[in-house]
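Try each task yourself, then compare your steps with the solution below it.

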Amino acid sequence: MSEAAALSQRHRQLGLTDHEYELIVEKLEREPNEVELAVFSLMWSEHCAYKHSKLLLRTLPTEGPAVLMGPGENAGAVDVGGGLAVAFKVESHNHPSAVEPFQGAATGVGGILRDVFAVGARPIATLDSLRFGELDSSRSRYLLDRAVAGIGHYGNSVGVATVGGEIYFERPYEHNCLVNAMCLGIAPRERLTRSAAAGVGNHLVLLGALTGRDGIGGASVLASAELAEDEDKRPSVQIGDPFEEKKLLECCLELLDRGLLESLQDLGAAGLTSSSSEMASKGAVGVDIEVDRVPLREPGMEPFEVMISESQERMLCVVEPGRLDEVLALCERWEVRATPIGTVTDTRRLRVFAGGEIVGDMPVTALVDECPLYELEPEAPAEPIYPAPRPRVDPLHIPADQQLLELLRSPSIASKRWAFEQYDSIVGSRSARRAGAADAAVLALAPDGGEGALAVVIDGNGRRVACDPYTGTVEVVLECAANLACVGAEPLGLTNCLNFGNPEKPHIAWQLTESVRGLGDACRALGVPVVGGNVSLYNEGSEGPIFPTPVVGMVGVLPDPARVPGMGFAREGNAVALVGPFRPVAWGSEIEKLTGGMSNQLPPVDLEVQRKALELVREAARSGRLTSIHDVSDGGLGVALAECCIAGGIGAEVELEWPGLAPMLWGEGPGGYVVSGPPEAVDELAGTAGEVPVRRLGAVGGDALAIAAGAARLRVQVTDLKTAHEQAIPDLLS
Amino acid sequence: MKFGVVRFPGSCDEVDALLACRRFGDAELLWHGDRDLRGADAVVIPGGFSYGDYLRAGAIARFSPVMEAVAAFAADGGPVLGICNGFQVLCEAGVLPGALLPNTSLRFVCRQVDVVVENADTSFTRACARGDLLSIPGKHTTGRYYAPADDLDRMEANGQVVLRYAPGENPNGAEHDIAGVVNEAGNVMGLMPHPEHAVDPLTGSTDGGKLFESLAAREPVLA
């Protein structure tokens, strides 16, 4: 076989279709060489080109009064007042984590941090959304243990607080765990930096770590295909060095502070290839890169390897010739390697030089903008996609007390203290509410007593989205907004990570299409724009697809963090009320899972009344009149009441007007809030609620949670609730 | 009163320490590559992972230029407070007795802990009373204080054990529940919990401010 013929077969191994290969030949007006084929295969991968999702993502609302930077930049940014901007983004690192959980999760954190400081914002918080199989599997316990350790290792060492997150355990994630990391950064508005390259003749300077063979083809081989034969892919997982990242972070922020950079971009998936061509595309310029100048970790790397290496802790910046010496001197002070490796040109082409010769020459627009986009072919499944889980509880044969304790012990509901104590949640002196103290993390805008605060939350619920992708996704957005409302925060924007299976399969395409439709409708109804995000497709193992898992990270602002109520009951004699249009059903609930059910529907949601309830709760939280606010989520009202007791270390006596405990106690649905406060404050709330229901349930007090509904009774000591909730995960891991 | 807060590459809590110090006096950052302490009356070595801590916590930082100056400052009786990684650095440098070993759990632990003031007669605790309970967060992987039994007995007898985890609060398996110690001369203190993260009611507690307050109340060292 001739060399050209061998190469023409190569494209399939690199994940390109025959049609895509023909298009590349057409764009180049010749056959690509080895370097060009490698570059195209990555730039045209699902991970970089969003070829199965871009058309859908274009339907999402991205504009709003606070938006400063929308999708397309390294991170989105919103105006939080006082001359400050907040940049944030969530990104997945699922397949690397499934192959090597410690490094996969660690470098997931590293990557999202770089996205945020690339726009000139100082990272102040990270959050993580994790999904694993059930903990009766040793593989799931291993993945959980190592992923949490990896997140802690990286985030703690870089000195950015991990302030929140969520973990769910469901069988469909057994082989394909999800690790989504979100970062939030803060910057003076004028320091926000874009990534467009500009100024013909300016230097391209590579900052940070040496370039090695790690992560070669990560975006195409790992991120854009279904998982199989894990061990073989281990060399495609990158290794993180948080110390290098810490120096790089401080150095980049100081370079920007001094106005020494024209633009800045992180090197993520597809390394130099995507960072340089995206910078060139945004600036409508070309770039020349001399691979011989790139500092290497090992000798003998081929030009194509240098171009696509995914070695971590690297950034690419554009510097005017007159400022180069100053840039290099500052980098030396921070002990950060800085090497001019190329120049900005007017060719609109990405040209790669090695040994004085051109080894690759491609039009930038073909690389970045001309990858074919595919219309999905959605088709609602005729048969259920997911098998019903094994039943763990027989509700007819155990009393209500036991049902509550079983729910609290269910790993998806149980306390995640085991995980979050492994994270530094306080560095930065902004954490006014730590994980577990309120429904959303609250971060002071100024770390030294200034006014105002941010609230941030990340959420997703694959089980409910699997029941009904449209409504389930609407509920994810509502859940985030509810968490923010509980601390008095008004949402300014959201970021999302769409974790789905193989979109080339019609039923996955249907899940994705319905989910994005729900996301758009909910965003429009609540007036919350999408400012950025990430798509992770092909999340399938040998036993089928994951639950469709859109994860949403939402950021809001509030005026006075000192007034924020906690989630726990606190004062004997406080009235307890249920606020909001809460209409619980068993479909998609944790109790349905424990009893071995799997529904294929959810009740429709009235977004207008949900929005009114959010506003009512937000104002109530801001007023400082209530003692506690907590939204009803997984496990329903019963679990929410138990969580209020556990958090506050005090009991409550509650009477429901319904004839029986289930499904009112265990059913789930959006729009329920448990509040406590002085009786007159709760009356006052009811008086101003309009069409939003406010139902008095009882009073705080005693050392047990007692619930009565008609003849049915439930009574559990708070200490027993706490033990069930907090010991469940440590017990399952020991 | 002027505090100098050392900044190594890999320091994480230096700005938090700087802000905490500024609640009680003037403060500025000291660069690891400089030997000049810029007229500081007290030096704080903050938490973090100096130089990455890949060899052993604090093992590289002790060789930095700034630490030469800090060691000389301490030898002259200047007050030095090492927090978490700073404690590890001071033990590595031999300025404080003992060593910090990996937590018995072998995991990073971030948790609010109660510590008991065992000696209120130091430059670092004079704003407290003996027996006071301080709520201060701890966060570390390598915080298990260790010294040979004879040394521990001598330190206990000398009043060098300044802070001890309250019963049931020891997060790392430290010998004698030790959270913080001073050197024999009493002018150098190291502790694992982070007092700079306990200076504002908004972030959970103000008890850590007592240490900075104590230092600030100290008579300035006359040149």
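**Exercise 1. Find what share of the residues in chain B is buried, then judge its overall form.**

Solution. Keep in mind that this is a predicted model.
- Step 1: A residue is buried if 20 or more other C-beta atoms lie within 10 Å of its own. By that count, buried residues make up 58% of the 223 residues in chain B.
- Step 2: Turn to the dimensions. Along the principal axes, the C-alpha atoms of chain B fill a box of roughly 40 × 40 × 35 Å.
- Step 3: Compare with a globule. A compact globule of 223 residues would have a radius of gyration near 17 Å, and the 15 Å of chain B agrees with this.
- Step 4: Look at the contacts. Of those in chain B with a separation of 6 or more, 73% come from residues 24 or more positions apart.

**Exercise 2. Trace the nine-stranded sheet of chain B and find its edges.**

Solution. 
- Step 1: List the elements. Chain B has five helices and eleven strands.
- Step 2: Follow the order. Nine strands of chain B run E2-E1-E3-E4-E11-E10-E9-E6-E7 in an open sheet with mixed pairing.
- Step 3: Pick out the edges. Strands E2 (26-31) and E7 (133-140) of chain B each have a single partner strand, so one side of each lacks a neighbour in the sheet.
- Step 4: Zoom in on one pair. E3 (residues 42-45) and E4 (residues 80-83) of chain B pair in the parallel sense over three bridges; B:Ile45 has B:Gly82 in E4(B) as its bridge partner.
- Step 5: Place the helix. H1 (residues 14-22) of chain B packs on the sheet and touches E1 (2-7), E2, E3 and E4 of chain B. The direction of H1 makes about 175° with that of E1(B).

**Exercise 3. Work out how H19(A) and H22(A) are oriented to each other: roughly parallel or roughly antiparallel?**

Solution. 
- Step 1: Take the geometry. H19 (residues 469-486) and H22 (residues 607-623) of chain A pack at about 20°, with axes 7 Å apart.
- Step 2: Apply the cut-off. Angles under 35 degrees count as roughly parallel, and H19(A) and H22(A) are therefore roughly parallel.
- Step 3: Inspect the contact. Among the residues that meet are A:Leu478 and A:Ala482 in H19(A), and A:Leu614 and A:Val617 in H22(A).
- Step 4: Sort by class. This contact of H19(A) with H22(A) has eight nonpolar, one polar and one charged residues.

Methods: Residues numbered from 1 in each chain as written. Chains lettered and ligands numbered in written order. Predicted model: local features only at pLDDT ≥ 70, side-chain atom pairs only at ≥ 80, totals over all residues. Axes fitted to C-alpha atoms, helices over the stretch in contact; angles between N-to-C directions. Helix = DSSP H or I, 4+ residues; strand = E, 2+ residues; numbered from the N terminus. Parallel < 35°, antiparallel > 145°, perpendicular 65-115°, else oblique. Contact = placed C-beta atoms within 7 Å. Nonpolar A, V, L, I, M, F, W, Y, C, P; charged D, E, K, R; others polar. Pairing = 2+ DSSP bridges. Rg over C-alpha atoms; globule rule 2.2 N^0.38 Å. Buried ≥ 20, exposed ≤ 12 C-beta atoms within 10 Å, placed from the backbone.
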